[in-house]
Structure formats: C-alpha cells, structure tokens
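Please walk me through this structure, starting with its pockets and then turning to the charged pairs and the surface.

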Amino acid sequence: MRSEHGTVVTEQRLTERSSWKQLMRHFHEVRGLELRQLFAQDPDRGRRMALEAAGVYLDYSKNRLTDETVQLLVALARECRLEERIEAMFRGEKINVSERRAVLHVALRAPRDQVILVDGENVVPEVHRVLDRMGDFALRVRTGEWRGHTGLRIRNVVNIGIGGSDLGPVMAYEALTPYVDPGITLRFVSNVDGADLTEATRDLEPAETLFVVCSKSWHTQETLTNATSAREWLLRRLGDRSAVARHFVAVSTNAEGVREFGIDTANMFEFWDWVGGRYSYDSAIGLSLMIAIGPERFREMLDGFREMDEHFRSTPLERNLPVLLGLIGVWYANAFGAETVAVLPYSRYLRQFPAYLQQLEMESNGKHVTLRGQPVDYQTAPILWGQPGVNGQHSFYQLFHQGTRLVPCEFIGFCRPLSPLTHHHDLLMANMFAQAEALAFGRSAEELRAAGSPEWQIPHRVCEGNRPSTTVLLDKLTPRALGRLVALYEHRVFTEGTIWGIDSFDQWGVELGKILADRILPELGADGALGHDSSTNELIRRYRRLRSTA
C-alpha cells in the first residue's frame with residue numbers, strides 16, 4: 001500500500017508474513033547444520049555461492065545457510081516489496097516518511113542526462129551544477145590560483161563538521177591517501193572537545209589554511225562552536241576580519257547564517273534535504289576530499305557509486321550483491337539472534353571504514369517502530385564494529401574462534417596492493433583467507449591428536465568452527481572501487497530496513513540528548529537550583545566545584 005504522501009509502506013507486520021513464518025520453520029530445520037558438512041556434501045559450494053558484479057566479488061558460501069535459505073530470504077524480500085521500494089527511491093518518492101522527504105543519495109552520482117524528479121523538478125542538473133562549482137574551486141586551490149588573505153598559497157585544509165559531515169570525508173580521505181596531492185595537508189575537526197581543534201591546528205600556518213565548514217542548517221552546535229573558535233584562531237594571527245572570506249568556505253543551505261559568519265556566499269556549496277548526512281560525502285560535503293584528490297579522481301569515485309547503484313536497481317534479487325548482503329544480515333539478526341557484526345577490512349587505508357559503517361548501519365536501522373509508527377517485535381540493526389586486519393587477529397579474534405557469542409564476520413580485501421611491498425600484501429591476504437577458513441571449519445580434537453598435541457592441552461586448543469563469514473574481494477583500492485564498496489553497504493542497509501519495515505533515513509533518536517545538553521549548558525556556569533534527577537544534579541554540582549578551581 002501507499003501512505004497519504006504516496007510512498008510505499010508495508011501493510012502487514014513482519015512476523016505475520018507467510019514468508020517470515022516459512023523462514024523461521026526452515027531455521028529450526030537447519031540451525032544445527034555444520035559448514036564442514038555443507039562443504040563436504042557440495043564440493044562446488046565455494047564457486048556456486050559467490051557472485052560478481054560492478055567490480056565486486058562476494059563469497060557468501062561460508063555462511064550457515066543453504067540454497068533453500070536463500071530462496072526463502074528472497075521470497076521474504078519480495079513479500080516485503082523490496083523491488084517496489086527500490087524503484088520508489090530511485091524515482092524520488094518521499095520514502096523517508098517521518099520527515100516527508102525523498103531519499104536521493106543516488107542522484108548525487110547520476111549521469112548528467114538522467115532525469116530524477118522531486119516534486120516535479122529534475123534535480124540532476126542542480127547536482128551537476130554544484131559538482132562543477134566544486135571542481136572549479138578545488139582546481140583553483142590545488143593550482144594556487146586561490147590564495148589566502150596575505151597572498152600565500154593554501155597548503156592546509158581543515159574540514160569542520162560532525163556525524164556524516166565528518167565520518168564520510170575522513171573515511172574516504174584515509175582510504176584514498178595514495179591519491180592525495182602531497183602538497184596539501186588535510187585535517188578533520190568534529191569533536192566539540194577543544195583538544196580536537198587545538199591539535200588539528202597546532203602546527204599549521206593560518207595564512208596558508210582554508211577551513212571548510214559543513215553544516216546544512218548552519219545551526220549545528222558542535223560545528224559552529226568549532227568554526228567560531230577556528231575563526232578566532234585565524235584572526236589572532238591575521239587581524240583583519242575580511243580575511244575570513246579568503247580562509248573559510250561553507251557547505252550549507254543557510255545563506256544568511258553563512259553571510260553573518262563572514263563567509264562570502266559565492267563560496268557556499270549547497271546540498272539538499274533529500275541527502276541524509278550519513279549518505280552525503282559524495283555531495284558538497286566531500287569538497288575537502290575533492291581538494292585533496294582532485295576533481296577527476298572524485299568523479300571516478302562517483303562512477304563507482306553509480307555502477308553499484310545500477311546493479312542494485314536492475315539485477316534480480318537472487319543475484320543482487322547488496323540485497324544478498326542485507327538478507328544475510330537479517331538471517332543472523334532475526335533467526336540466530338546475533339547482536340553484532342564485525343567488519344574486517346584487510347587494508348590499512350580502510351581503517352576508518354568500520355567507524356563509517358557504524359553510523360550508516362546503526363543510525364539508519366536502529367529503530368523501534370515501523371514505517372506506520374507501530375512498535376517492532378523483532379530485532380533491528382545489529383551493533384556493527386571492527387578493525388583492520390591483521391591487527392584484530394592479535395586482539396579480539398580469540399572471541400570469534402573460541403568465544404560463546406556468534407559474531408558474523410565480513411572480510412574485505414583487495415587482490416592488488418597499493419604499497420610497493422608486494423610480499424607484505426601476500427602475507428596480509430593469506431591471513432584474511434586463513435581466518436575465514438579457520439572460522440568456518442575450526443580444528444577438532446582428532447586433528448590435534450593426529451598433530452601430536454598433548455591430551456591435557458587439547459580442550460584448550462579446539463576451535464569448534466561453524467562460525468560464519470562473508471568475503472568481499474575487489475581488485476585494487478582505487479577511487480572507483482571505494483565508490484562501489486560504499487554503495488554496496490548503503491544499499492545493504494536499505495535492504496535490511498525494508499525487510500524490517502522501518503524508516504532507514506531519519507534519526508530522531510539523536511535529538512533528545514541535544515535538547516538536554518542545551519538545557520544543562522548554562523547551568524554549568526551558574527549557581528542556581530537544578531531540576532534534574534538526583535544523579536545528574538550531583539554530577540553538575542561536582543563539575544561546578546572542580547571547574548571553578550581551574
């Protein structure tokens with residue numbers, strides 16, 4: 001059915017669907033299956049249960065599922081009208097029902113000739129107008145045409161934002177470090193902890209520094225606090241307030257607020273209310289990244305996004321990479337009751353990728369009501385976490401292999417290295433393949449005895465195996481590959497949210513803490529009465545006492 005605003009919404013509770021009930025009956029039949037058994041019965045399983053599209057190879061064979069499981073998951077997706085929801089998103093329908101907005105991060109990488117309508121207007125030309133402005137500005141900074149107030153060339157760029165305005169650019173900058181102009185230093189400030197800005201600017205020359213302030217509304221408290229302090233830092237050295245216009249640019253929709261801050265609105269780069277923060281780094285939010293890697297590389301990244309978008313939109317569900325990844329996530333969350341998922345990139349350059357995915361997954365799908373506002377009676381978003389391999393192997397993999405919790409793992413690797421130390425890469429990837437194999441098949445007491453292990457030690461060394469994992473393999477970490485990878489996970493989150501019947505594109509849960517912080521802030525510097533609970537009151541009083549001695 002469609003809501004009063006014309007968007008596709010589910011009309012039946014998930015747990016009442018016939019496909020859900022079939023899936024749960026099937027789960028009780030197969031929950032005891034062992035991966036050793038499944039591979040022994042089907043020697044071709046590793047080849048059959050793998051897909052390749054848009055430059056991404058997805059091996060899902062080491063998961064605790066059968067062909068029937070996949071068929072039932074796809075049937076559930078169809079009953080939840082996933083295909084219709086995908087089309088609704090790409091058509092610009094207002095599928096963010098609680099905010100009555102379209103969800104069109106896919107428009108940010110659409111080709112110039114595509115037509116995507118929002119309220120009857122094609123938004124693609126406006127997207128490319130902003131991209132062209134970004135490209136022109138980035139080239140001016142990179143070539144030295146754009147100079148600071150004193151005439152010196154810009155050598156440092158500081159991105160000020162928070163949430164998606166920080167996590168996306170940080171992740172992409174780290175991922176694409178080998179493609180960054182070595183003449184440009186890029187720093188990121190997000191935390192309102194003053195140490196964040198202090199450390200980011202400690203060794204920078206103000207006359208050579210450009211700040212990119214990212215705030216859609218220009219009301220984000222943390223971002224404006226940092227931006228204001230950055231402006232003070234600049235003016236302490238340069239003195240002239242007119243210098244702000246040469247050292248600050250804005251990514252915002254609030255021209256009046258930007259102007260009042262001292263930024264020339266000619267240097268304000270827009271984005272739109274149909275772009276959610278955690279889906280936005282390929283918009284003007286990525287301006288600092290574009291300056292670092294250049295417009296050409298940035299557009300290559302957008303091409304990678306678009307390739308995965310097209311695959312997601314046009315490929316049947318049973319061969320659709322983001323769909324299968326999402327359905328596997330639903331399988332473990334709702335059938336097995338797994339509470340976490342570990343994302344394990346075997347690349348130093350992707351060290352920020354798990355943090356980026358944390359927001360993408362948990363802010364999107366950490367919801368307790370359906371699209372129709374009804375409480376859910378099943379688990380939604382898992383807790384997502386991770387760290388680059390092989391570091392994690394010497395930290396938390398022990399729990400994967402011998403712990404009591406089921407933690408589905410997602411390994412991400414690349415066949416060709418960016419480092420000239422190619423023998424290092426072979427060792428890195430050998431470890432990734434080995435960990436997935438060890439998790440799946442373990443090591444039995446019999447195998448340990450055959451290898452000569454002392455009997456008293458065997459119980460401590462046994463690894464039961466049957467621990468599930470998925471492997472995502474790409475050729476090389478290029479801008480295009482990064483775009484494909486990020487879009488893969490964006491659409492995986494969409495798939496999960498559709499099955500769970502929730503709004504993956506609002507984030508009302510972050511609102512309450514901000515409201516209370518606004519109330520508490522003036523109380524920290526006053527001596528008046530407090531009206532909070534006894535714990536919060538006592539914490540504020542203690543803070544006041546100790547803060548007054550600083």
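This is a predicted model: local features need pLDDT of at least 70, side-chain atom pairs count only at pLDDT 80 or more; totals for chains, interfaces and linings use all residues.

Helices and strands are DSSP runs numbered from the N terminus, a helix having at least four residues and a strand at least two. Rolling a probe the size of a water molecule over the atoms shows where empty space is left.

The largest pocket holds about 1,200 Å³ of space. It is lined by 42 residues, and those closest to its centre are Ile162, Thr220, Gln507, Val510 and Lys514. Two or more lining residues are given by each of helix H7 (164-175), helix H9 (221-238), H15 and H21, and the largest share, 6 residues, comes from H21. By class, the lining of the largest pocket is made of 15 nonpolar, 16 polar and 11 charged residues.

In the second largest pocket there is about 420 Å³ of space. Its lining counts 20 residues, of which Tyr346, Ser347, Arg348, His425 and Leu428 are the closest to the centre. Here the element that gives the most is helix H17 (residues 422-441), with 5 residues. The lining of the second largest pocket divides into 11 nonpolar, 7 polar and 2 charged residues.

From the pockets we turn to the charged side chains. Side chains of opposite charge can pair when their charged atoms come close. The structure holds 43 salt bridges, and a few of them can be followed one by one.

One of these joins the side chains of arginine 13 and aspartate 377, with 3.7 Å from N to O.

Another salt bridge is formed by the side chains of lysine 94 and aspartate 119, at 3.1 Å from N to O. This pair links distant parts of the chain, 25 residues apart, with lysine 94 in the loop between helix H5 (82-90) and strand S3 (117-118) and aspartate 119 in the loop between S3 and strand S4 (121-122). Lysine 94 has a relative accessibility of 27% and counts as partly exposed, whereas aspartate 119, with a relative accessible area of 66%, is exposed.

A further salt bridge brings together the side chains of glutamate 270 and arginine 133, at 3.4 Å from N to O. Glutamate 270 sits in the loop between strand S9 (268-269) and helix H12 (287-293), and arginine 133 in helix H6 (residues 124-143), so that distant parts of the chain, 137 residues apart, are linked. Arginine 133 counts as partly exposed, since its relative accessibility is 21% and a residue is called buried under 20%.

Salt bridges can also be followed through a group of residues, for Asp303, Arg306, Glu307, Arg480 and Arg484 are linked in a network of them.

Leu512, Ile515 and Leu516 make a nonpolar surface patch of about 280 Å². Leucine 512 belongs to helix H21 (residues 511-524), the helix that gives the largest share of the lining of the largest pocket. With a relative accessible area of 54%, leucine 512 is exposed, because exposed means over 50%.

Definitions and conventions: Residues are numbered from 1 along each chain as its sequence is written. Side-chain values use heavy atoms; hydrogens and water are left out. A salt bridge is a side-chain nitrogen of Lys or Arg within 4 Å of a carboxyl oxygen of Asp or Glu. Buried means under 20% relative accessible area, exposed over 50%, partly exposed in between (1.4 Å probe, protein chains only). Patches are made of residues with over 30% relative accessible area and no salt bridge: like charges are joined within 9 Å, nonpolar side chains (Val, Leu, Ile, Met, Phe, Trp, Tyr) within 5 Å. Accessible areas come from the Shrake-Rupley method with a 1.4 Å probe; for residues, only the protein chains shown count as cover. On a 1 Å grid over the protein atoms alone, a cavity is a set of points where a 1.4 Å probe fits but cannot get out, and a pocket is an open set with protein on both sides within 12 Å along at least five of seven lines; lining residues have an atom within 4 Å of a point. Grid points are joined across faces, edges and corners, and a volume is the space filled by probe spheres set on the points. Ala, Val, Leu, Ile, Met, Phe, Trp, Tyr, Cys and Pro count as nonpolar, Asp, Glu, Lys and Arg as charged, and the others, Gly among them, as polar.
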